[in-house]
Amino acid sequence: MTIISWIILGLLAGAIAKFLLPGRDPGGLIGTTLIGVAGAFIGGWMSARWFDHPITKDFYDGTTWVAAIGGSLVLLIAYRILFGHSRD
């Protein structure tokens with residue numbers, strides 16, 4: 001996949017992670033979007049590195065989506081833990 005594909009996947013993964021983990025985010029829409037993009041990269045890297053399942057070049061591969069959404073969820077939870085109380 002190209003870098004543009006990863007960015008699009010990250011945007012969608014961030015939106016799905018936000019849907020699965022509703023609530024008020026410290027960064028708002030832009031922060032959640034950036035977390036989604038970073039989560040897609042981190043999820044893909046973790047999948048290839050530790051789970052011995054390299055990411056394919058197919059945009060519609062289910063494992064790629066699970067890795068991207070999982071990475072986004074992990075980053076979103078960590079972001080809320082670290083910075084969640086700053087907007088109270």
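**How three helices pack**

Modeller: The buried residues of α2 pack against α1 and α3. Please keep in mind that this is a predicted model.

Biologist: Thanks! How many helices and strands are there in the protein?

Modeller: The protein has three helices and zero strands. Along the sequence the pattern reads α-α-α.

Biologist: Which residues of α2 are the buried ones?

Modeller: They are Gly-31, Thr-32, Ile-35, Gly-36, Val-37, Gly-39, Ala-40, Gly-43, Gly-44 and Ser-47. To be called buried, a residue needs a relative accessible area under 20%. Across the 88 residues of the protein, 33% count as buried.

Biologist: Let's move to α1. How do you know that the span of α1 agrees with its 18 residues?

Modeller: At 1.5 Å a residue, the 18 residues of α1 should span 26 Å. The end C-alpha atoms of α1 are 25 Å apart, which agrees with that expectation.

Biologist: And what is the reach of α2 and of α3, from first C-alpha to last?

Modeller: α2, with 22 residues, reaches 31 Å, close to the 32 Å expected at 1.5 Å a residue. α3 also has 22 residues, and its reach of 31 Å is close to the expected 32 Å.

Biologist: Which residues are buried in α1?

Modeller: Ser-5, Trp-6, Leu-9, Gly-10, Ala-13, Gly-14 and Ala-17 are buried there. Around the axis they cover an arc of only 165°, so they lie on the same side of α1. On the other side of α1, Ile-4 and Phe-19 are exposed.

Biologist: What do the buried residues of α1 pack against?

Modeller: Their partners are α2, residues 28-49, and α3, residues 62-83.

Biologist: Then what about α3: which residues are buried, and what covers them?

Modeller: The buried ones are Thr-64, Trp-65, Ala-67, Ala-68, Ile-69, Gly-71, Ser-72 and Leu-76. Their cover includes α1 and α2.

Biologist: Now for a loop. Where does Leu-21 lie, and why is Leu-21 called partly exposed?

Modeller: Leu-21 belongs to the loop between α1 and α2. Partly exposed residues fall between the buried limit of 20% and the exposed limit of 50%. The relative accessible area of Leu-21 is 23%, so Leu-21 is partly exposed.

Biologist: What does Leu-21 touch, beyond residues up to four places away in sequence?

Modeller: Its contacts are Leu-73, Leu-76, Ile-77 and Arg-80.

Biologist: What share of the contacts with a separation of 6 or more comes from residues 24 or more positions apart?

Modeller: Such residues account for 77% of those contacts in the protein.

Biologist: What makes Leu-11 count as partly exposed?

Modeller: Leu-11 is in helix α1. A residue over 30% relative accessible area meets the area cut-off for a patch, and exposed would need over 50%. At 40%, Leu-11 therefore counts as partly exposed.

Biologist: And why is Ile-8 partly exposed?

Modeller: Ile-8, another residue in helix α1, has a relative accessible area of 40%, so Ile-8 is partly exposed. The C-alpha atoms of Ile-8 and Ala-40, 32 residues apart along the chain, are separated by 9.5 Å.

Biologist: How much accessible surface does the protein have, and what share belongs to carbon and sulfur atoms?

Modeller: The total is about 5,500 Å², and 73% of that belongs to carbon and sulfur atoms.

Definitions and conventions. Residues numbered from 1 in each chain as written. Predicted model: local features only at pLDDT ≥ 70, side-chain atom pairs only at ≥ 80, totals over all residues. Heavy atoms only, no water. Helix = DSSP H or I, 4+ residues; strand = E, 2+ residues; numbered from the N terminus. Buried < 20%, exposed > 50% of the residue type's maximum accessible area, 1.4 Å probe, protein only. Contact = heavy atoms within 4.5 Å. Areas by Shrake-Rupley, 256 points an atom, 1.4 Å probe, with all protein chains shown as cover. Expected span 1.5 Å × (residues − 1). Arc of directions from axis to C-beta.
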